[in-house]
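This briefing covers two chains, taken in turn, and then the contact between them. Please read it alongside the sequence and the structure shown here.

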Amino acid sequence: MTTIAAPLALMAELTHRCPLQCPYCSNPLELLKAGAERDTKFWLGVIDEAAALGVLQIHFSGGEPALRQDLPQLVEHATARGLYANLITSAVTLDESKLSTLAQAGLAHVQISFQGARPQTADRIGNYRGGHEKKLQMARLVTQLGMSLTVNAVVHRQNL
Amino acid sequence: MDPSKIPALRRGIRRQYDSARHAHVLLGPERVIVLDDIAVEITNLLDGTRTLADISSTLAEKFAADIAQVQPDVTAFIEELIEKGLATA
């Protein structure tokens, strides 16, 4: 009998809600409203099960995972269970206080999406005014707070 | 690599024991490295105070081995960690 190696990572899609409207997004068209999302208790249980299976990394994603009020709690729980916590975010709803709280909860890595190299292009593609500048501010803050930063960018004809 | 350099794990790199795999691992952004016994011994000594030369001599003493044999292996391993972005010196 062959055995299957333990999974290394868990992608946790916490919500379908997102402030951006990038046209190429893989978020489902039939979005679940906040009230239909899995609750905190569910996710805490998933994290426990994942840790027991041997998962070592958790990627909090969505939608925009930072819209979840319980994100710091989930990050803290994952970190306490030995999972390396990563946040995949548009960053536009973050601020200094939220990022500090997440860093204190143990968040190790933040991946920020960029829709273009210039505010004019980027804000048009994400349909979110002021988004690009906010992302730059949050990216600086991520490194200042001692977390690792990755930039995620979809490259296409309109932002090349 | 200069033996007087002080290697250390890079900021954001965590080392921990993984009870599911019964092994020590290094965790970084989208990285998981499972350490073998020798790698565990070497990374135990990456404490930010020991030089590469100190680490080699400590291990040579611990395992009653020839320093001339130990140092190249330790150097190669630490250079690999640096190359992979997991350590600095």
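**Overview**

Chain B has 3 helices and 5 strands, where helices (H or I, at least four residues) and strands (E, at least two) are DSSP runs numbered from the N terminus. Chain A has 5 helices and 5 strands. The model is predicted, and local features need pLDDT of at least 70, side-chain atom pairs count only at pLDDT 80 or more, and totals for chains, interfaces and linings use all residues. Residues are numbered from 1 along each chain as its sequence is written, while chains are lettered from A and ligands numbered from 1 in the order in which they are written.

**Chain B as a whole**

- Starting at the N terminus, the elements of chain B come in the order β-β-β-β-α-α-α-β.
- The radius of gyration of chain B, taken over C-alpha atoms, is 13 Å, close to the 12 Å that the globule rule gives for 89 residues, so chain B is as compact as a globular protein of that length. The globule rule is 2.2 Å times the number of residues to the power 0.38.
- The C-alpha trace of chain B spans about 35 × 25 × 20 Å along its principal axes.
- Buried residues account for 21% of the 89 residues of chain B. A residue is buried if 20 or more other C-beta atoms, placed from the backbone, lie within 10 Å of its own, exposed if 12 or fewer, and partly exposed in between.
- Of the contacts in chain B with a separation of 6 or more, 49% are between residues 24 or more positions apart. Two residues are in contact if their C-beta atoms, placed from the backbone, lie within 7 Å.

**Chain A as a whole**

- Along the sequence, the pattern of chain A is β-α-β-α-β-α-β-α-α-β.
- Chain A has a radius of gyration of 16 Å, which agrees with the value near 15 Å that a compact globule of 160 residues would have.
- A box of roughly 55 × 35 × 35 Å, taken along the principal axes, is filled by the C-alpha atoms of chain A.
- Of the 160 residues in chain A, 39% are buried.
- Residues 24 or more positions apart make up 75% of the contacts in chain A with a separation of 6 or more.

**The sheet of chain A**

- In chain A, 5 strands form an open sheet with parallel pairing, in the order β1-β2-β3-β4-β5. Two strands pair if DSSP finds at least two bridges between them.
- β1 (9-13) and β5 (148-153) of chain A are the edge strands, each pairing on one side only.
- Strands β2 (residues 57-61) and β3 (residues 84-89) of chain A pair in the parallel sense over 4 bridges. A:Q57 is opposite A:Y84 in β3(A).

**Helix α5 of chain A**

- The buried residues of α5(A) are A:G131, A:H132, A:K134, A:K135, A:M138, A:L141 and A:V142.
- These buried residues are covered by elements including α3 (96-104), β4 (109-114), α4 (119-126) and β5 of chain A.
- After α5(A) comes A:G146, with a positive phi near 85°.

**Where the chains touch**

- In chain B, 11 residues are in contact with 15 residues of chain A.
- β2 (14-18) and β3 (23-28) of chain B are the elements that give two or more residues to the side touching chain A.
- β2(B) gives the most to this side, with 3 residues.
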